Amino acid sequence: MDHSPHLKSYVKKHPDNKMAWYLLGKEYESSGQEGKANYCFNRAGEVFEAFEHKQIPADVWMEYQDKLVQMSKEKERRTARTRHLLTALMVLLLIWVPSANSPSTLPESASVPSGTEDAAIDHAEVAKVATVDPKERAQNGETYVGSVFTAQARQGSGAGTALTDMLAKTSQMPSKTTVLGMEQSGAWLIWREGMKPLLSVQNKGNGGLAVQSYDAAACACKPSDSETLRKSGLKWAAGQEELAVLNSAMRAFRSQHQRLPQSLEELTRDFPDNTMYGTTDGMKKAFTPMRNLLASPGQGTGKDQNTGAAAEKSLLLASSLHGRPFLGQPLRIVIDKSKHRLALVSGNILIRNYPIGLGGERTPEGKFVITDKVVNPNGKSNGEFGSRGMQLSATNYAIHGTNEPDSIGKNESLGCVRMGKEDVEELFAFVPSGTEVVIGNGGLPDQVLVPGSRFTSEPQHDQTNPRKTYHWLN
């Protein structure tokens, strides 16, 4: 399909978008119009260099082209609707106010007249290719503080997603963004484990971009700051877990109370109002900005005007692309009975994958939500339910610890989900009450995914429940 009319219209309105110039050039090239193609490639500058020298996955431009075409078509439809509405209003004015002066002619579209681009080819100025000096970046101390990160699949259909998002919003790009590559297992993207720099994009201003690849298979390069960025990226990832907990807890609170919490204290009260287990310094600083994001029309997706202001007040938000949490979808629990695995996920990102003990056919399948979240459900940390318990809906089943650690990986319970002590305590700190739990067979990888540095938060108030004796089917 020939997308050149839509792309041509787009670059006329956005002349600084180098990716759009590159895509238009590819369209002209495929139709044999070499002169126009070369002009567009010159305007594309370093984006052309990056793609043609395969520093970036080749399928990125197809996805981005579709986005531009859709944006162009949608804008044309909106413009047509606006004109029809204005015409109708003018007719009504003429009917109801016959003595009024005739309305002035509607303003024409701001698009450049046809043929202007052809004439501009004679006056084309070739853009200089920007280069990245890793030593200069290292000297500037660009690590976790002041750097912006995002992540995407290292290979496959998800590769190029982050770059596409950045190029679609060049006016909002920070001075430098590092894209971390995530390994993939089936439909899941693996969080933290094996994450390392894939590429970085430096915004030179006026549409100028400098792209540095960190993929040895894509370019013959060994940037000196690769290891520094990898470590900083892992710190960023740990910070995003804090935001994921806060985001999920605030959404769960809103679902239960039909309003957002006014303070962190509302999320961390005594049982049974302990929506969230504990807090961190990062959560304290991010609470108000996150609340503003969730209260805005964009619902925290980064499409609202509060995003920039919010990011300025929270390092965890400011360190993520477009000032919004990367793990933006609510946390969920997925249990695979066939593999004895319990995963903590956000969308298609696998954050943790724990080994568990089950009850075989006695463990129910289906969808549940976490209701009671109890510390020491037996009144002690070494009882049959261990130090943490999370009841599944209004049932006698729960996710809990165990005093029989050898049962992990086996079907020895009466139906409950058993976890090791460190695992269940970390999961308890991660998920708020109201978290969705899906139990089934298949879907999760065998790989156990538990980092050396666990997620922790400072507990608040009394989260035991001495008034009730639990009779879960352990």
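Let me start with two residues: Phe 385 and Trp 472 are both buried. Keep in mind that this is a predicted model.

How are their rings arranged? The centres of Phe 385 and Trp 472 lie 5.0 Å apart, and the planes meet at 55°, so this pair is tilted. The two residues are far apart in the chain. Phe 385 is in the loop between S11 and S12. Trp 472 is in the segment after strand S16 (458-459). That is a separation of 87 residues.

There are ten aromatic pairs in the count. Here is another one. Trp 236 and Phe 326 have ring centres 5.6 Å apart. Their planes are at 65°, so we call the pair edge-to-face. The cut-off for that is over 60 degrees. This pair also links distant parts of the chain. Trp 236 belongs to helix H9 (residues 226-257). Phe 326 sits in the loop between helix H12 (315-318) and S8. They are 90 residues apart.

Buried or exposed, where does Trp 236 fall? Its relative accessibility is 0%, so Trp 236 counts as buried. Phe 326 has a relative accessible area of 22%, so Phe 326 is partly exposed. Both residues belong to a cluster: ring pairs link Phe 149, Trp 191, Trp 236 and Phe 326.

Now the sheet. Ten strands form an open sheet, with mixed pairing. The order is S3-S4-S10-S9-S8-S15-S11-S12-S13-S14. Which strands are at the edges? They are strand S3 (184-185) and strand S14 (417-418), and each pairs on one side only.

Look at S12 and S13. Strand S12 (residues 388-392) and strand S13 (residues 398-400) run antiparallel, joined by three bridges. Gly 389 has His 400 in S13 as its bridge partner.

What packs on this sheet? Helix H13 (residues 421-430) does. The strands that H13 touches are S8, S9, S10, S11, S12 and S13. The direction of H13 makes about 145° with that of S10.

One more ring to look at: Phe 428. The charged end of Lys 373 sits over the Phe 428 ring, 4.4 Å from its centre. Arg 388 lies over the face of Phe 428 too, at 5.5 Å from the ring centre.

Last, the whole chain. We have 13 helices and 16 strands. Of 474 residues, 48% count as buried. The chain exposes about 22400 Å², and carbon and sulfur atoms supply 50% of that. Take contacts between residues at least 6 apart in sequence: 68% of them join residues at least 24 apart.

Technical notes: Residues numbered from 1 in each chain as written. Predicted model: local features only at pLDDT ≥ 70, side-chain atom pairs only at ≥ 80, totals over all residues. Heavy atoms only, no water. Pairing = 2+ DSSP bridges. Helix = DSSP H or I, 4+ residues; strand = E, 2+ residues; numbered from the N terminus. Contact = heavy atoms within 4.5 Å. Axes fitted to C-alpha atoms, helices over the stretch in contact; angles between N-to-C directions. Buried < 20%, exposed > 50% of the residue type's maximum accessible area, 1.4 Å probe, protein only. Areas by Shrake-Rupley, 256 points an atom, 1.4 Å probe, with all protein chains shown as cover. Phe/Tyr/Trp six-rings, centres within 6.5 Å; stacked < 30°, edge-to-face > 60°. Lys NZ or Arg CZ within 6 Å of the ring centre and 35° of its normal.
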